Amino acid sequence: MHDVSITETVTTAARNAWALSFGAGIEPVDPTPSTVLWDEPHRLLRRYHTEISSATTDSAVLLVPPLAAPATCFDLRPDQSLARHLVRSGRAPYLVDYGEMSFADRRMGFEDWVTDILPEAILRASADRGGAPVDLVGWSIGGVFALLTAAANPELPIRSVTGVGPPLDYDKMIGIPQLRAVAGLTGGLAMTTAVRAAGGIPASLTRIAYRLAAIDRELARPLFVATNLAKTDTLAKMESIDRFQAAMPGYPGRFYGQLWGRFMLANDIGKGKIELRDRTIELADVRVPVLLVGGTADVITPKSAVEAGLRTLTGSPSVTYEIAPGSHLGILAGPDARDTTWTYLDKFLAERD
């Protein structure tokens, strides 16, 4: 193997600089091949094409994204794709995609996901596999969706739940005590009134909030690009994160009101329950095995907020808690995810088989 010449390095750096500044990007988008099985507003169901004989597993794996993040979180690029990893492992992965949120969706709340959208997706994925059980894999709030759905619908064919970075105790979340102090001055009305008037949190604000949560990355970006201008793969990874951030949708008004009032202020989830419109759902009612993964550098959902599930998921036959290096998105799709989170999931699903 010969050393790369200065000429080759300069040529690569120039090509990458042009691609980032004026071109179509470092590398084309290459999603994992899939088929849309069902397409209705906020509940598109996608089946990824399994490469290995379907006999390698009898279950379906339903990937559950959060709100305010595109469903591409499970399929950023070929080397950062849990969906592609599951396909190559012989699993049968499916994805439910909520799409964009608008003012017309302002009345949608947790109930819509927990008692309608996800149960329907689970039943359709199961039916597509001939009545097979379904393993839920949720990232961030998607993990909370998956757990609450399992707790509220014991009749569903759910075999297990995996939560990657799910916030299960807001007392452990960074900045929450300060938010509560500010809310205490107005009884929380200022935030809820503004959100209701706007019909929710617009996509532009969720994108800004995510960038602020990763402010170190944003500030270091110019130097990072300059330092790695000749490293095409490194820039491609950065580009995939930029593309992900640019596609973030918003929150419906009712949903954010619940998130603000019941989760951030009251910390219902940390007490093992959530009060919805006409019912209370208890995490202790999850009756299937659970895998939880927390991130060592996750500032959005600190690992202690994930670990809280060991205390609240008392009805589960087994709750496994693992730690992975990386940020909130990094533990799902970062450079170390393949050797940590994905490996934990492989082992967990194999034990269910």
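Visitor: Which residues of helix 10 are buried?

Guide: In this predicted model, the buried residues of helix 10 are Gly 253, Phe 255, Tyr 256, Gln 258, Leu 259, Trp 260, Phe 263 and Met 264.

Visitor: What does Arg 262 touch, leaving out residues up to four places away in sequence?

Guide: With those left out, its contacts are Gly 257, Asn 267, Asp 268, Ile 274 and Glu 275. Take Ile 274: it lies 12 residues from Arg 262 along the chain, and their C-alpha atoms are separated by 7.0 Å.

Visitor: Now a helix with a longer list. Which residues of helix 4 are buried?

Guide: They are Ile 141, Gly 142, Gly 143, Val 144, Phe 145, Ala 146, Leu 147, Leu 148, Thr 149, Ala 150, Ala 151 and Ala 152. That is 12 of the 12 residues of helix 4, so this helix is largely enclosed by the rest of the structure.

Visitor: How can I check the length of helix 4?

Guide: Compare the expected span with the distance between the ends. At 1.5 Å a residue, the 12 residues should span 16 Å, and the end C-alpha atoms of helix 4 are 16 Å apart, so the two agree.

Visitor: At what angle do helix 3 and helix 4 pack?

Guide: Helix 3, residues 110-128, packs on helix 4 at about 80°, and the axes are 9 Å apart. Angles of 65 to 115 degrees count as roughly perpendicular, and therefore helix 3 is roughly perpendicular to helix 4. On the helix 3 side, the residues that meet helix 4 are Phe 110, Trp 113, Val 114, Leu 118, Pro 119 and Ile 122. Their partners in helix 4 are Phe 145, Ala 146, Leu 148, Thr 149 and Ala 152.

Visitor: How many residues are in the largest nonpolar core, and which have the most contacts inside it?

Guide: This core has 60 residues, and those with the most contacts inside it are Leu 62, Tyr 98, Phe 145, Leu 148, Val 161, Tyr 170 and Leu 259. Helix 4 supplies the largest share of this core, with 9 residues. There is also a second, separate core of 29 residues, and among its members are Phe 74, Val 87, Leu 329 and Trp 342.

Visitor: What surrounds Tyr 98, again skipping residues up to four places away in sequence?

Guide: Tyr 98 touches His 42, Val 64, Pro 65, Pro 66, Leu 67, Trp 113, Ile 117, Leu 118 and Phe 145.

Visitor: Finally, what do the totals say about the protein chain?

Guide: The protein chain has 14 helices and 12 strands, and 51% of its 353 residues count as buried. For contacts with a separation of 6 or more, residues 24 or more positions apart account for 78%.

Conventions. Residues are numbered from 1 along each chain as its sequence is written. This is a predicted model: local features need pLDDT of at least 70, side-chain atom pairs count only at pLDDT 80 or more; totals for chains, interfaces and linings use all residues. Side-chain values use heavy atoms; hydrogens and water are left out. A nonpolar core is a set of buried Ala, Val, Leu, Ile, Met, Phe, Trp, Tyr and Cys residues joined through side-chain atoms within 4.5 Å. Buried means under 20% relative accessible area, exposed over 50%, partly exposed in between (1.4 Å probe, protein chains only). Helices (H or I, at least four residues) and strands (E, at least two) are DSSP runs, numbered from the N terminus. Contact means heavy atoms within 4.5 Å. Axes are lines fitted to C-alpha atoms, for helices over the stretch in contact, and angles run from 0 to 180 degrees between N-to-C directions. Angles under 35 degrees count as roughly parallel, over 145 as roughly antiparallel, 65 to 115 as roughly perpendicular and the rest as oblique. The expected span of a helix is 1.5 Å times one less than its number of residues.
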